[in-house]
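Subject: Structure handover

Hello,

Here is the structure I said I would pass on. My notes on it follow below.

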Amino acid sequence: MTRRRGYALLSALVALVLAVSATIYLTVTADDGTPRTALTDDRPHHGASVAPASTGTWVGAWSASPVGGEPGTETTGLAGRSVRNVVHANTGGTSVRITLSNLYGHEPLTITHATVALATGDGTAAADPGTMRRLTFNGATTVVVPAGEQIASDPVRLAVPHDSDVLVTTYSPTPSGPVTYHPHARQVSYVADGDRTEDATGTPYTRQTPYWRYLTALDVLSNEADGTVVVFGDSITDGITSTIGANHRWPDILAGRLHTALEGGRQVPRYSVVNEGISGNQVLADGLGRPAENQSGLGRFGRDALSHPGVKVVVIDLGVNDILRNPRLADPNKIITGLRTLVRQAHARGLKVVGATLMPFQGHRGWTAARETVRQQVNAEIRSGRVYDAVVDFDKALRDPYAPRRLRPDYDSGDHLHPSDLGFSRMATVFDLNTLKGAGQAEL
């Protein structure tokens, strides 16, 4: 071989190597990192991926506190049935994840199939089929939640519009009672026999339920919210007398006010709002059982208030049940001390705390003059500014100006303790959105 032919052959080899390298480079750079099997039958449908679709901030879009074990599910739980929870997302996002709780279960909870989808909006169990996504947990479609614990799903891509209903469906094939639930949902959810988690028609969901089961949180990766406001309270926050299916609880309306203010260009925080109210909840006292059902505010504050993604502000409206449910006369100083303990825990996390005065309840069967005195003492301390960073005076806003120990008649649901829809709207309306700005004080 001549030297010239040798050079020519070497040049050809170099060119071949460069061409192959370029092909490999283009292939790698065109790959978005998604495994080739990501859209097979074992993954979410319709182009979804467990990886977040865009940048943003994880915030709470909906939540409900675990309250207790559902009566009648102690032995078998809901084995062999699909549970379709209907929840309302007050904030939009590009990806979602859920939290499932087995806090009150006595056995491990096995979920073999779980999905999330947007509801069609007609009040049924029907889903928009193009939005159906299969959920995974650490990459697997089956998850076992130990008794007394909870678990979060992997994120899944799903465009969730603001103010939309979301369907979260789970299927458990084996007994795992009792079912952890939230009894006063004020929202109809559904149950079907068999594994119907990916059914979009809603037809198999022939049974309705007033409960939320297993599901305690829906988070979204959001570009419209930078943080979460947690409203922590009792039945008034839970919205126990609000219209079913209308999302007229006062935290729902507060979330709507925040969204409208931002759309109008107002300089208010870009926050979502989640509801951690439990009917009958007290600051100091637990319910019965182990773990305690209707756990006290002091006992559940870390789990239900401080653990939310991006939490910035906690709004506390607790104390009236400590007065009403105490067989003896409640000590106002103990109630205030309990509230201050919650505030200190929030401050230790750098959070701001807005607190509410306790609304009047004369006319309710539990009202006495002595209990009214305790309420007035608690409210006086709250108004003094020595308990919370900021105060919303629900007492002043909803009381009857002609009989201030009572709710104004049009704000009263009829039981003289819980507001009507108009009363809940009034609560959200008088809440000063500017109080959500800033951080908590180091000392009060």
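I start with the second largest pocket: its lining residues divide into 6 nonpolar, 6 polar and 5 charged. In this count Ala, Val, Leu, Ile, Met, Phe, Trp, Tyr, Cys and Pro are nonpolar, Asp, Glu, Lys and Arg are charged, and the others, Gly among them, are polar. A pocket is an open set of points on a 1 Å grid over the protein atoms alone, where a 1.4 Å probe fits, with protein on both sides within 12 Å along at least five of seven lines; lining residues have an atom within 4 Å of a point.

Please note that this is a predicted model: local features need pLDDT of at least 70, side-chain atom pairs count only at pLDDT 80 or more, and totals for chains, interfaces and linings use all residues. Residues are numbered from 1 along each chain as its sequence is written, and side-chain values use heavy atoms, with hydrogens and water left out.

The volume of the second largest pocket is about 230 Å³. It has 17 lining residues, and T99, Q150, A217, S307 and H308 are the closest to its centre. Strand 4 (93-101), strand 9 (150-152), strand 16 (215-222) and helix 4 each give at least two residues to this lining. Helices (H or I, at least four residues) and strands (E, at least two) are DSSP runs, numbered from the N terminus.

The largest pocket has a volume of about 390 Å³; a volume here is the space filled by probe spheres set on the points, which are joined across faces, edges and corners. Its lining has 24 residues, with S235, S279, G280, N321 and R325 nearest the centre. They divide into 7 nonpolar, 12 polar and 5 charged.

Next, the aromatic rings. F232 and F301 are an edge-to-face pair, because their ring centres are 5.1 Å apart and their planes are at 85°. F232 is in strand 17 (residues 227-233) and F301 in helix 4 (residues 297-306), so the pair ties together parts 69 residues apart in sequence. F232 is buried, at 0% relative accessible area (buried is under 20%, exposed over 50%, partly exposed in between, with a 1.4 Å probe and protein chains only). F301 is also buried, at 0%.

W250, F394 and F431 make up one aromatic cluster.

Regards

Key. Rings of Phe, Tyr and Trp (its six-membered ring) pair if their centres lie within 6.5 Å; planes under 30 degrees apart count as stacked, over 60 as edge-to-face and the rest as tilted.
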